[in-house]
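Work through the exercises below with the model open. Try each task before you read its solution.

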Amino acid sequence: MTSNPPVKADINLAQLLEAKSLERCPFPIPTGWYFVDYSENLKPGELRNVQLFDQEWVLFRTEGGKPGMTDPYCPHLGAHMGHGGKVCGEALRCPFHHWEYNTEGWCTSIPYGKVMPPITKKQAVLRALPMEERYGLIFAWYHPTCAEPTWQLPSIPALEDEGWTGSRRGSWTANTAIQEIAENGVDTAHLKFLHNAPGIPPVKAEFHDHIMDLDIGNGYIVGRAYGPGLNVLEFTQNGVSATMISYTQPITPELSQMNMCFRSKAYPEGSMEQAVAKKIIDHMIGAAEGEESAGFESVDFIVWNNKKYRPRPLLCDGDGPVLQFRKWFKQFYDADASTLAKV
Amino acid sequence: MASISVTTRDGAKLQIKASPAIPLMEFLRDGSAGVEGICGGELSCGTCHIYIDAGGESLPPRSEGEQAMLDAIADFVEVRPTSRLSCQVFVDESTPDMQVTVGPVA
């Protein structure tokens, strides 16, 4: 069948021209709990600079063991405390005049001042992020204007309970924003076409408060997202389950560090269950023997690293709940109206 | 320009000229009246403390921040009902003849 080309007046030009104004990552850094580092990588008294949430921070652990993460620049005269500063007892000490700050950012000592500036008695004067340490991971709560946490980290039996095992971890860099990475969780059609899965699995997504529950493939993958920075996904095959715990970090608006660890029940050494659990984990990441489809490592990055974000995507009836996901995710952005309009 | 009569810590008398929109602290500091004004008006040092001996009636009351700073220096020096931080005091031609005494060092 042939048809005449439509006359120009019939064309929706906005559809054709929108790509010119698209951005790769129009998103602010979303609010939430984020992985900072593994507990064993930060010893008491240690201090270093880290790049996260689109800026540099000073990460330290007090002699007593509390982790702290603050703006680098001393409120006094602006010295970078991650260059020459040190941990003194429970405080971070600036190298310039030895002003000291605790892990909440309160000034605890000015060694040569007689009168403490009144604001130091009223509030923190150095921006410090709320910190939590659980499951061997250090987390920081990020909010663009320093609001307190609105939810707590969940319990994760695969990391906290007896009878679980697995030391496998991974870390991958993606040149995109955290929302774009997470969106693949509800985009089930891409599993068939990008990952070469045998079909498009059915997906059930439920959203409540900061939590998103996903069931992909009628129980094959059952996952829960706790805000933008923590996901727990259980994969089940032949009655054997393995768990992926994923904790992606927003480094800049266009750069994310994906971190994961993989756990399973402590099945007997040499058992069929143990072999299946290992295969499930291999398959989560990349290729696995006997599986035709590919894990994220080999196929997702080429898309993430080059795509642009379409705020008004052209979806079809076979697509997953992408827009519901975006509506849920929007709660993590605290930004002005013009920024929110782009996400 | 308003003219302020100043008594320094050692009892010397000075006349300081002050113009509107600039805190009195700057004229006292730059006029060698013995006021330091270290923090520049951020209410964090208390080094521009003065007593207003006369002519303070038209000044607005202390802000919360000024009060907090005066409370903080009260552990070291005498704070009186006439105490002000001169970084918070603005005078103009309509201000009646003002007489101030520079506060003691904390």
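**Exercise 1.** How much of residues 33-140 of chain A is helix and how much is strand, and how far apart are the end C-alpha atoms?

*Solution.* Note that the model is predicted. Start with the record: UniProt, in an unreviewed entry, lists residues 33-140 of chain A as "domain: Rieske". Next, take the secondary structure: this stretch is 4% helix and 39% strand. Last, check the ends: their C-alpha atoms are 6 Å apart.

**Exercise 2.** Describe how domain 1 of chain A meets domain 2 of chain A.

*Solution.* The domain assignment gives domain 1 as 32-142 and domain 2 as 157-342. Taken over C-alpha atoms, their centres are separated by 33 Å. Now count the contact: ten residues come from domain 1 of chain A and 14 residues from domain 2 of chain A. Two strands, β1 (32-38) and β2 (47-52) of chain A, each supply at least two residues on the domain 1 side. β1(A) gives the most to that side, with four residues. Sort the domain 1 side by class: seven residues are nonpolar, two polar and one charged.

**Exercise 3.** In what order do the strands of the open sheet containing β1 of chain A run, and which are the edge strands?

*Solution.* Read across the sheet: three strands lie in the order β1-β10-β9 (chain A), with antiparallel pairing. The edges are β1 and β9 (131-134) of chain A, each pairing on one side only. From one strand to the next, the twist averages 30°. Then inspect one pair. β9(A) and β10 (residues 137-142) of chain A run antiparallel and are joined by four bridges. A:R134 stands opposite A:L137 in β10(A).

Technical notes
Residues are numbered from 1 along each chain as its sequence is written. Chains are lettered from A and ligands numbered from 1 in the order in which they are written. This is a predicted model: local features need pLDDT of at least 70, side-chain atom pairs count only at pLDDT 80 or more; totals for chains, interfaces and linings use all residues. UniProt positions are given in the numbering used here, feature names are shortened, and annotations may be inferred rather than shown by experiment. Domain bounds come from an automatic or database domain assignment. Two residues are in contact if their C-beta atoms, placed from the backbone, lie within 7 Å. Ala, Val, Leu, Ile, Met, Phe, Trp, Tyr, Cys and Pro count as nonpolar, Asp, Glu, Lys and Arg as charged, and the others, Gly among them, as polar. Two strands pair if DSSP finds at least two bridges between them. Axes are lines fitted to C-alpha atoms, for helices over the stretch in contact, and angles run from 0 to 180 degrees between N-to-C directions.
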